Number of protein chains: 2
Amino acid sequence: MRISGLEVSRRNWLKGAAALGATLAGGSPFAALAQPAAGKTLVIDCHGHYTTEPRELLAFRQAEIAALKDPSQKPSIASLKISDDQLRESVQPQIKFQRERGTDVALFSPRAAGMGHHIGTAETSAEWSRVSNEIIHRICTLQPDNFIGVGQLPQSPGVRPDNCIEELERCVKSYGFVAVNLNPDPTGGFWRDPPLTDRWYYPVYEKLVELDVPAMVHVSASVNPNFQGTGAHYIAADTTAFMQLLTSDLFKNFPTLRMIIPHGGGAVPFHWGRYRGLAQDMNRPPLEELLLKNVFFDTCVYHQAGIELLFKVIPTDNILFASEMLGAVRGVDPFTGHYYDDTKRYVDALQLSPEDRRKVFETNAARVYRLDRTAYYQRKG
Amino acid sequence: MRISGLEVSRRNWLKGAAALGATLAGGSPFAALAQPAAGKTLVIDCHGHYTTEPRELLAFRQAEIAALKDPSQKPSIASLKISDDQLRESVQPQIKFQRERGTDVALFSPRAAGMGHHIGTAETSAEWSRVSNEIIHRICTLQPDNFIGVGQLPQSPGVRPDNCIEELERCVKSYGFVAVNLNPDPTGGFWRDPPLTDRWYYPVYEKLVELDVPAMVHVSASVNPNFQGTGAHYIAADTTAFMQLLTSDLFKNFPTLRMIIPHGGGAVPFHWGRYRGLAQDMNRPPLEELLLKNVFFDTCVYHQAGIELLFKVIPTDNILFASEMLGAVRGVDPFTGHYYDDTKRYVDALQLSPEDRRKVFETNAARVYRLDRTAYYQRKG
């Protein structure tokens, strides 16, 4: 069967029809039908990592790490040659998924596990961040309709994050990036640096506020054998960061600072009652007031029941569409026949009003990341 | 209005009536109505901590800690005098809640945050565990219809857990305890000991298997400023432990070993698709086969939407009722007018079949903890 020029299976068509029925039942049919005419909703994936790097980039990093023990192996940045064609080629898997899944653009940052802040010194991190961010910038320039840049900071264990300001400014001012990833544990799973809410991090927050860009709270690899990366360290760190924010007055000091907690906020929505209760026991304001003007959750939750919970407990204004592709989970769910990380399907299956749908796919991200300032959004938004 | 001798508000009565209707609609009315006649379902709360200790016990612990710096302050166990009346008095808050909420008995262990494995040496932990477990044993003897004991192990950072065997045997053989708490991070939030799946822990597992008792995976206090205790360290540790199990062959080596992951399994049910996908990407068997014969989740999730998700994704055979009272969250939820940790209400509000209800409240716990061997269960079960 053929609708709007696309082949769709009968099963999917029935799903779509049911969703439309639900939308119509939920409000004015005119509102529902008028929506597309009022301008297509952009589907902005706020969480994508560059996980398909050319081998030259990985070899550069390997040499950089080897040089920590044997300085004679130190690679020069000038020696790193990756052509535009190689970069274009390398992101075709992401672009293919964007097309197939119906997402328009990804906020795109270096591989999270690859940031490796725990490796080497502040100089190591500075060089690697510079190289990584420049590559992202080139990709965003080459494929301006597919990617908007998000940067990596040169954090380093025990080093005051003041050292991140220069790279943060380059990311935003020179490259037009719309955010950075902020690692709440630069020690790689040993959690020896201060919490995110410590004044240690204030110079970064001051600059984020000045530049009016948010941070996604995202750890890198774990070298602690207790923490597997994508299933333990990532999710535990999300949960931990939220609790740090809950117990602090960070957003009193930085009322316009915005943070995205990825992977659906870790354990937070599942334990929303616990967090509401803990805040109450601690005589903190309700979470809506304390955190939800500043903290946002993405939709990187890889099953329908999880996404449903997320939307049940977290206000729609605080949910940003994302898939983390090509990321943590790459397989196809045998129960659904679709990729686990095809999170758009889960969101599409919710009975969101057209207004809420637009918030989650587009306008929340546009607001939080100030996408109105990007050339992309000026063309498409 | 009055039903069965209890005053209930009209609102609650309507809720009850709706639930009954749902039960009836879901299966044979005879099955639903015959259930009570076939024997009352016991409501077993598998996760309770002794958080209302007499001040003498806390003073003893303080002196024990002070003696680490100043041995002259070392308290003698003989000097610790707590009367039976004091113990009885101290658990009245728990018993009152049991009565009010309709739970029958709690599996009761020392205060989790109080275990403090990171404090002092193995000798410190041995003494403190002995004292703590003996107190639990006395309470269970004094209030045999309210409490069944669960022990604390004398884990200590960097010390092989072989040192736990003696106390584990005492707990089970002398005190009749039905489980122990096993701390996956005896370093108090720094995660410097090996993962739970390391051979380091095998002597404990061998003994657990021999004694046929399970372990609840439960951290103690965090002294790492990154991790608030009840909202970050607990939940992150649950998630971390699950991922350790997912990536190991522990249950191939110990097919009858049973572990309870508390707090609803941390982030695991919310991210069930992620964990299924990660196992698949790693060429591990499906989670049902890999873990669900050995791993169980409790219901310490403090809102209706969270409990609903738990029951949606985790098989009923793997869910054990628990409230963690008096524990992490002590307040009343202004949205419901009930205590956050009155988890029985959330489970009651689910439309469980009588069989599933009985599993979650009674028979799963009876099976996992081998309660058939307890005097309590022989009287009441």
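Trainee: Where does B:Ser156 lie in chain B?
Mentor: This is a predicted model. In it, B:Ser156 sits in the loop between strand 6 (151-152) and helix 8 of chain B.

Trainee: Is B:Ser156 buried or exposed?
Mentor: B:Ser156 counts as buried, because its relative accessibility is 3% and the cut-off for buried is under 20%.

Trainee: Which residues does B:Ser156 touch, leaving out those up to four places away in sequence?
Mentor: B:Ser156 touches B:His117, B:Gly120, B:Thr121, B:Ala122, B:Ser125, B:Pro186 and B:Asp193.

Trainee: And what does the side chain of B:Ser156 reach at 3.3 Å?
Mentor: The side chain of B:Ser156 reaches the backbone nitrogen of B:Ala122 at that distance.

Trainee: Turning to helix 8 of chain B: at what angle does it pack with helix 9 of chain B?
Mentor: Helix 8 (residues 165-174) and helix 9 (residues 202-211) of chain B pack at an angle of about 15°, and their axes are 10 Å apart. Helix 8 of chain B is therefore roughly parallel to helix 9 of chain B, as angles under 35 degrees count as roughly parallel.

Trainee: Is the crossing right-handed or left-handed?
Mentor: Helix 8 of chain B passes helix 9 of chain B in a right-handed crossing.

Trainee: Which residues meet there?
Mentor: From helix 8 of chain B, the residues are B:Ile165, B:Leu168, B:Glu169, B:Val172 and B:Lys173. They meet B:Pro203, B:Val204, B:Lys207, B:Leu208, B:Glu210 and B:Leu211 in helix 9 of chain B. The residues of this contact divide into 7 nonpolar, no polar and 4 charged.

Trainee: New topic: what kind of peptide bond joins A:Met325 and A:Leu326?
Mentor: A:Met325 and A:Leu326 are joined by a cis peptide bond, with omega about -10°. A:Leu326 belongs to the loop between strand 11 (319-320) and strand 12 (332-333) of chain A.

Trainee: What about the bond from B:Met325 to B:Leu326?
Mentor: That bond is cis, with omega near -10°. B:Leu326 is placed in the loop between strand 11 (319-320) and strand 12 (332-333) of chain B.

Trainee: What is phi of A:Glu324?
Mentor: Phi of A:Glu324 is near 65°, which is positive in a residue other than glycine. A:Glu324 is located in the loop between strand 11 and strand 12 of chain A. A:Glu324 counts as buried because its relative accessibility is 2%.

Trainee: And where is A:Asn283 found?
Mentor: A:Asn283 is in the loop between helix 12 (272-281) and helix 13 (287-290) of chain A. Although A:Asn283 is not a glycine, its phi is positive, at about 55°.

Trainee: Is A:Asn283 buried or exposed?
Mentor: A:Asn283 is exposed, because its relative accessible area is 72% and exposed means over 50%.

Technical notes
Residues numbered from 1 in each chain as written. Chains lettered and ligands numbered in written order. Predicted model: local features only at pLDDT ≥ 70, side-chain atom pairs only at ≥ 80, totals over all residues. Heavy atoms only, no water. Axes fitted to C-alpha atoms, helices over the stretch in contact; angles between N-to-C directions. Helix = DSSP H or I, 4+ residues; strand = E, 2+ residues; numbered from the N terminus. Parallel < 35°, antiparallel > 145°, perpendicular 65-115°, else oblique. Left-handed = near helix turned anticlockwise from the far one by under 90°. Contact = heavy atoms within 4.5 Å. Nonpolar A, V, L, I, M, F, W, Y, C, P; charged D, E, K, R; others polar. Buried < 20%, exposed > 50% of the residue type's maximum accessible area, 1.4 Å probe, protein only. Polar contact = N/O pair within 3.5 Å; in protein donor to acceptor, adjacent residues only side chain to side chain.
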